[in-house]
Amino acid sequence: MMTLTRLLATLVGVLFVAALVIGPAGTGPVASLRALILGDGGPLTLVMREIRLPRALLAAMIGAALGLAGAAMQGFLRNPLADPGLIGVSGSAALGAVIALQTGVATMTAFALPVSALAGALIGVLLVLLLAGPRGGSLTLILAGIAISALAGALTSLVLNLSPNPFAANEIVFWMMGSLADRSMTHVWIALPLIVLGSAMLLSLGRGLDALTLGEDAAQAMGINLARLQLTLILGTAAVVGASTAVAGAIGFIGLVVPHVLRGFVGARPGRLLPASALGGAVMLLAADIAVRMILPERNLKLGVLTALVGAPLFLHLIYRTRRAIA
Amino acid sequence: MPGSDLIRRAFLVGALICAPAILCAEAPRRVVSMNLCTDQLAMLLAAPGQLVSVSNLASDPRSSAMADRARDFPANQGRAEEVYLMQPDLVLAGTYTARASVAMLERLGVRVVTFDLTTRLEDVPGQIVQMGDLLGRPEQAAALAATYTADLKAFQDTVARTPSAALYAANGYTTGAQSLSGQILLTAGFANVATEAGYAFGGMMPLEVLVMKAPEAVITSRPYPGATNAEAVMHHPALRAVQDSRARGSLADSDWVCGTPYILRAVADMAALRRRLTTGAP
């Protein structure tokens, strides 16, 4: 367990530095890092501090948030198919963000954008849990997710199509696929408080989720307050997914892939899977964001394209494996 | 023989006088324009009552230099059905106007004339004359073209120093020398960093490439209402820092997008910005 944490933390560090030194300006890594840390007042310092640093920070933060949210939802529903992107929570958050941006609420205070996305995510989580039921059977969970994703996506497109801004309609792909291009430190500060708060809530669920693997009755006998556990999960998930989606769009599959890959290494204990998935999510999104800058850098490839190329085959594999349970 | 020479001369003079007269006789009476730029050229040159409708963009002050004038004309959305029902005898379109609608109108037997995209300021008089000939108003067109050419010449004197500049619009779109807006910048006496960065025609220039080029002036497009990420890049702190340490300008689509005489307003704005930069005068 400790070696896994150390390995993942090292990977996060290596990829973070790589994300800082790779970019279209094509400057040398040593010069770039020196300009970042020492600051020479030249344009390279500006590029490093205002363009690449926020991008790398956001990739690490949002990847960790999405990995953690996926692990927590899977632990609570005891279902490996639960991922905030697949079950429509990210899509609902995107709808909340788009409404805040297009109504102008987002320009009033900096936190209107993430809070509106949080509200969207909250409605999404509540709807999914309501539709799928407390045990979250695979079939109802996936069907509820499809319906909520479709509705949120359609409403997002509608709001953007109604916008007076000629560029809004082209933004549908950003909200559905996600991107970190040209984000700034402003976005880091907007997203950070809710991601920290939500992550703290989700990480606190470890013991409860471990107990829940023995069944609800056993968990209650062990002194776990299930209603409180559920409320913390819902609010924590809405906070991290809302804040992430508000600044980067809906990036799918991280919450599905990362817990799946790491589950074997932590002895299938949800409590241990939580921190490991946070680190793993950061690794996956940092790697994906480096990849979109190296493959087709001039085409502004969206992050969701890469995460789906990795995640969708795994999703199909998981469906194939759980089809007996579904049937 | 002096007699036949006189006759020949009289015939030539007659032909010269007749040529516009024939055009006048055949001048279209119901003209519909489907493109923002042909809208404005037609409004500048058409006889009263000759122009029946202009595109809906023409009355939008954000994109049109003649928004007030355009409100006097019924607007069309550029759909084949509505344009056909206006029973035009001439339809004006741009090269990139909805191809399907233009093809449909041509199939229905409507005369459609397509105007090329202007990429040089020197192309504008040609388009004015082309529009004048189509509308049977060559004298008005010749006068407008002559004024434009004289006004343009006033900007073309050599400048002591050409400061570097970049155009930066939504999605990080920049344009180089091979475009109309790039030509505005060049004529106003700027050196465009997009051209040296390899974006002669235009394209998405990553923000960090722009920051590393550190142009002396960054001219951004004016945002439309309704916030988008596409336009958020123009408020990016890194771009703001470049602009704060140097000069900033903004471009209004209305004066920049079409090859009409109004484009000289954009040139004048940019020339004023350059003078502020090179002389330090307010």
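Visitor: In what order do the five strands of the open sheet in chain B come?
Guide: In this predicted model, the order is β3-β2-β1-β4-β5, and the pairing is parallel.

Visitor: What makes β3 and β5 of chain B stand at the edges?
Guide: Each has a single partner strand, so one side of each is left without a neighbour in the sheet.

Visitor: How do you know that β4(B) and β5(B) pair?
Guide: Two strands need at least two bridges between them to count as paired. Strand β4 (residues 90–94) and β5(B) have four bridges, in the parallel sense. For one spot to look at, find Gly94(B), which stands opposite Phe115(B) in β5(B). Helix α6(B) packs on the sheet too, touching β1, β4 and β5 of chain B.

Visitor: How do you know that the span of helix α14 of chain B agrees with what it should be?
Guide: Take its 17 residues at 1.5 Å a residue: they should span 24 Å. The end C-alpha atoms are 24 Å apart, so the two agree. The buried residues of α14(B), including Ile263(B) and Met270(B), pack against α7, α8, β10, β11 and α13 of chain B.

Visitor: Where in chain B is the pLDDT below 50?
Guide: Chain B has a mean pLDDT of 86, but over residues 6–24 the pLDDT is below 50.

Key. Residues are numbered from 1 along each chain as its sequence is written. Chains are lettered from A and ligands numbered from 1 in the order in which they are written. This is a predicted model: local features need pLDDT of at least 70, side-chain atom pairs count only at pLDDT 80 or more; totals for chains, interfaces and linings use all residues. Side-chain values use heavy atoms; hydrogens and water are left out. pLDDT is the predictor's confidence in each residue, from 0 to 100. Contact means heavy atoms within 4.5 Å. Helices (H or I, at least four residues) and strands (E, at least two) are DSSP runs, numbered from the N terminus. The expected span of a helix is 1.5 Å times one less than its number of residues. Buried means under 20% relative accessible area, exposed over 50%, partly exposed in between (1.4 Å probe, protein chains only). Axes are lines fitted to C-alpha atoms, for helices over the stretch in contact, and angles run from 0 to 180 degrees between N-to-C directions.
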